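Here is a set of questions and answers that sets each value beside the rule it is judged by. Please have the sequence and the structure ready as you read.

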Amino acid sequence: MEDDKRDKADSPTNSQQTVSDDDEIDYTTKPEFYDPDLDNKDEQWINKKRHGRDSDAVLSCPACFTTLCLECQRHEQYLTQYRAIFVVNCKIGNDKVLKQNNSRSRKRNRGAEGVGGNDACSTDIETFKQVCCSVCSTEVGVIDQDEVYHFYNVLPSES
């Protein structure tokens, strides 16, 4: 019986014996890695990189969180897609080329397709190349023949 009482007193769940981590932290010393001006410095750095232009988001790789784009424009219809011209940490995969008929010419030539064929459509083909994160090789989007990047597999954050 006496052993049971002694075990309960030595138990870490006994509220009289338990010491919180907060009780052991000395709040009078400043944390070594804290910089109260860091947010302001980051804001100045990104404004310098963008040359004062606005951006809808900062885009990152969904697999390794590497920054891919600091200045982009959100798609009006597909809200999870973005387009950009200036990117970082991206590599273009020349081994995977996607071709697509231009949707505008298909709409214009719908009536003519039944009569004359698709000659107008076949000359207006858009070519896209795969874009991957240069750090982890995750596919994050495509680049078109006008060298505009179209991102669809990214993590956006507020800019």
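Contact means that heavy atoms lie within 4.5 Å. The model discussed here is predicted.

Q: Which residues is Glu71 in contact with, once its neighbours within four places in sequence are left aside?
A: With those sequence neighbours left aside, Glu71 is in contact with Arg50, Arg53, Asp54, Ser55, Ala84 and Phe86. Glu71 itself is found in the loop between S2 and S3.

Q: Why is Glu71 called buried?
A: A residue counts as buried when its relative accessible area is under 20%. Glu71 has a relative accessible area of 18%, and therefore it is called buried. Across the protein, 23% of the 159 residues count as buried.

Q: Why is Glu126 called partly exposed?
A: Partly exposed is the class between buried, under 20%, and exposed, over 50%. The relative accessible area of Glu126 is 24%, so this residue, which lies in strand S6 (residues 125–133), is partly exposed.

Q: What is Glu126 in contact with, leaving aside its neighbours within four places in sequence?
A: Leaving those neighbours aside, Glu126 is in contact with Leu98, Lys99, Gln100, Asn102 and Gln145. Lys99 is 27 residues from Glu126 along the chain, and the C-alpha atoms of these two residues are separated by 5.7 Å. For the protein, residues 24 or more positions apart account for 48% of the contacts with a separation of 6 or more.

Q: How do you know that Cys61 is in no disulfide?
A: A disulfide requires a pair of cysteine sulfur atoms within 2.5 Å. A search of the whole structure finds zero disulfides. For Cys61, the nearest cysteine sulfur is that of Cys136, which is 3.5 Å away, so by the cut-off Cys61 is in no disulfide. For Cys64, the nearest cysteine sulfur is that of Cys133, at 3.7 Å, and therefore Cys64 is in no disulfide either.

Q: Which class of accessibility does Cys61 fall into, and why?
A: Cys61 has 0% relative accessibility, and because buried means under 20%, it counts as buried.

Q: What makes Tyr149 and Phe151 an aromatic pair, and why is it called stacked?
A: Two rings pair if their centres lie within 6.5 Å, and they count as stacked if their planes are under 30 degrees apart. For Tyr149 and Phe151 the centre-to-centre value is 6.1 Å and the planes are 10 degrees apart, so they form an aromatic pair and this pair is stacked. By this rule the count comes to one aromatic pair, and both Tyr149 and Phe151 are buried.

Q: How do you know that S6 and S7 pair?
A: Pairing needs at least two bridges between the strands. S6 and S7 have five bridges and run in the antiparallel sense, so they pair. Cys132 stands opposite Glu139 in S7, and in the hairpin of these strands, which has five residues between them, Ser137 takes a positive phi near 65 degrees.

Q: How many bridges join S7 to S8, and in which sense do they run?
A: Three bridges join S7 to S8, which run antiparallel, and because at least two bridges are needed, these strands pair. Gly141 stands opposite Phe151 in S8. On the other pairing of S8, strand S4 (residues 82–84) and strand S8 (residues 149–151) pair over three bridges in the antiparallel sense, with Ala84 opposite Tyr149 in S8.

Q: Why is strand S7 described as largely enclosed by the rest of the structure?
A: Five of the six residues of strand S7 (residues 139–144) are buried, so the strand is largely enclosed by the rest of the structure. In the order of its open sheet of six strands, S3-S4-S8-S7-S6-S5, S7 is written between S8 and S6. The edge strands are strand S3 (73–74) and strand S5 (90–101), each of which pairs on one side only.

Notes. Residues are numbered from 1 along each chain as its sequence is written. This is a predicted model: local features need pLDDT of at least 70, side-chain atom pairs count only at pLDDT 80 or more; totals for chains, interfaces and linings use all residues. Side-chain values use heavy atoms; hydrogens and water are left out. Helices (H or I, at least four residues) and strands (E, at least two) are DSSP runs, numbered from the N terminus. Buried means under 20% relative accessible area, exposed over 50%, partly exposed in between (1.4 Å probe, protein chains only). Rings of Phe, Tyr and Trp (its six-membered ring) pair if their centres lie within 6.5 Å; planes under 30 degrees apart count as stacked, over 60 as edge-to-face and the rest as tilted.
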